[in-house]
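Below are some notes to read alongside the model. Please keep the sequence and the 3D view open while going through the points.

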Amino acid sequence: MRLEAELGKRIHFISPDVRDFAFVRGDEGVEALELTLVPEPADTVEDLTSKINRVVEREVRVQRAWQPKVLWTSARPSEQWPDPLPEMERAGLVHAPGPGTMTFGDLMIRLVDYLDRQVRAIAMSMPASTEYRYPTLLPLEVLERQSYFESFPHFVMFVSRLHNDADNYETFLRRYRDAGRRITPEIFSLCRDDRYCLPPTMCYHTFNQLSGTSVDQRVVTSRGKSFRFESRYESGLDRLWDFTIRETVFLGPEEYVVGARRRFLEAAFALVDQLGLAARCEVANDHFFGDASKDSVLSQRLMELKYEMVVDVAEGRSIAVGSFNLHGRHFGEVFDISHATGPSHTGCVGFGLERLAYAFVTQHGTDQKNWPEAVRAGVSE
């Protein structure tokens, strides 16, 4: 993967003043970065240049340029599809109430549920599998225990509430009215219960649940809402602030966890072909922040700890709809989860259900008559 792709992942986290960007290419490759800024940016050009250069030096140039290793390619060849989102909105299949959020109508609900049933069936077909339904709120200490904030501070969304005191409520009302009935930053000084966040993914609930226990071979699957701040939401269903994940966690000895991921991968390949999607599975890396970038990205790539299922969507773009990850003993050690010979190894598979549904509609259209027979039957159940 060219290093500019790693910079592209980070541009909109560098400053909220950046509305759009483009790489300026020359004979030797990328020569400059062209920015489109919001009206009345807070940062000066010098400030933005300094921030971008700092990110380039700390997080991009320290990485090795590489092309993603492709493990598998689906039977359906890729082609160019028009973006289905305008048609989906006109037909009432979806509605965007705000940036990064999406309302689904009846057909899309049934499609998401059908896709979820297929992924869930893979998880539940594995020995020693259990399903749980977790709460939305996640205690901050769960992320603190495994140093999440040092690697992904840019994704986190915190939760709070007004302190339950009569004087505090009166102060809130006075400030709220003085501000023209608007919530302003000063009002948050009146809040308490700041030890919760919205979960960036489901597996942290599982690790917290099993903390301090011993497992032999265990599979835990769950479906729930996850939340990641992605800084920019211009492409509808490609990136959502509030989205749904079907996640499956494997726990046990190393050879068991590695084998479980492999079996899930093979079943996922078969599912993608059954869905008639043009897709591929490739070695990938997470979007680490700051000093965590260099070593973490390199180890993920070289050890092939992370695979992604990448599906082609509108206008020649691709999106990752699923990831298949190995964690080694990290979570076993952090959460004191063990098996007979020491800390448990763990791995997980996560599918973004809205993304998978969007990719499916992109390639097959909004008319159910053009969908694979199994899907048409499944959404009618």
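1. Thr-362 sits in helix α12, which covers residues 353–364. Helices here are DSSP runs of H or I with at least four residues, strands are runs of E with at least two, and both are numbered from the N terminus. Thr-362 is buried, at 5% relative accessibility. Buried means under 20% relative accessible area, exposed means over 50%, and partly exposed lies in between (1.4 Å probe, protein chains only). Not counting residues up to four places away in sequence, Thr-362 touches Trp-81, Pro-82, Pro-84, Val-313 and Ala-314; a contact means heavy atoms within 4.5 Å.

2. A word on the source: this is a predicted model, in which local features need pLDDT of at least 70 and side-chain atom pairs count only at pLDDT 80 or more, while totals for chains, interfaces and linings use all residues. Residues are numbered from 1 along each chain as its sequence is written, and side-chain values use heavy atoms, with hydrogens and water left out.

3. The chain as a whole has 13 helices and 17 strands. Its radius of gyration is 22 Å, close to the 21 Å that the globule rule gives for 381 residues, so the chain is as compact as a globular protein of that length. The radius is taken over C-alpha atoms, and the rule is 2.2 Å times the number of residues to the power 0.38. Along its principal axes, the C-alpha trace spans about 60 × 55 × 45 Å.

4. How much of the chain is buried? Of its 381 residues, 48% count as such. Among contacts between residues at least 6 apart in sequence, 70% join residues at least 24 apart.

5. His-339 belongs to strand β15, residues 338–339. His-339 is buried, with a relative accessible area of 10%. Leaving aside neighbours within four places in sequence, His-339 is in contact with Ser-214, Val-215, Asp-216, Gly-252, Pro-253, Ser-344 and His-345. Phe-269 is 70 residues from His-339 along the chain, and their C-alpha atoms are separated by 30 Å.

6. Arg-161 lies in strand β8, residues 157–162, and is partly exposed, with a relative accessible area of 32%. Not counting residues up to four places away in sequence, Arg-161 touches Leu-190, Cys-191, Arg-192 and Asp-193. Between Arg-161 and Phe-188 there are 8.4 Å in space, C-alpha to C-alpha, and the two are 27 residues apart in sequence.

7. Next, the aromatic rings. There are 17 aromatic pairs. Rings of Phe, Tyr and Trp (its six-membered ring) pair if their centres lie within 6.5 Å; planes under 30 degrees apart count as stacked, over 60 as edge-to-face and the rest as tilted. Phe-152 and Phe-155 form a stacked pair, with 6.0 Å from centre to centre and 10° between the planes. Phe-152 is buried at 11% relative accessibility, and Phe-155 is buried at 8%. One aromatic cluster includes Phe-152 and Phe-155, with Tyr-148, Tyr-204 and Phe-331 also among its members.

8. Glu-40 is not a glycine, yet has a positive phi of about 55°. Glu-40 is in the loop between β2 (29–37) and α2 (45–60), and counts as exposed at 77% relative accessibility. Arg-181, also not a glycine, has a positive phi of about 55°. Arg-181 is in the loop between α7 (166–178) and β9 (191–198), and is exposed, with a relative accessible area of 56%.
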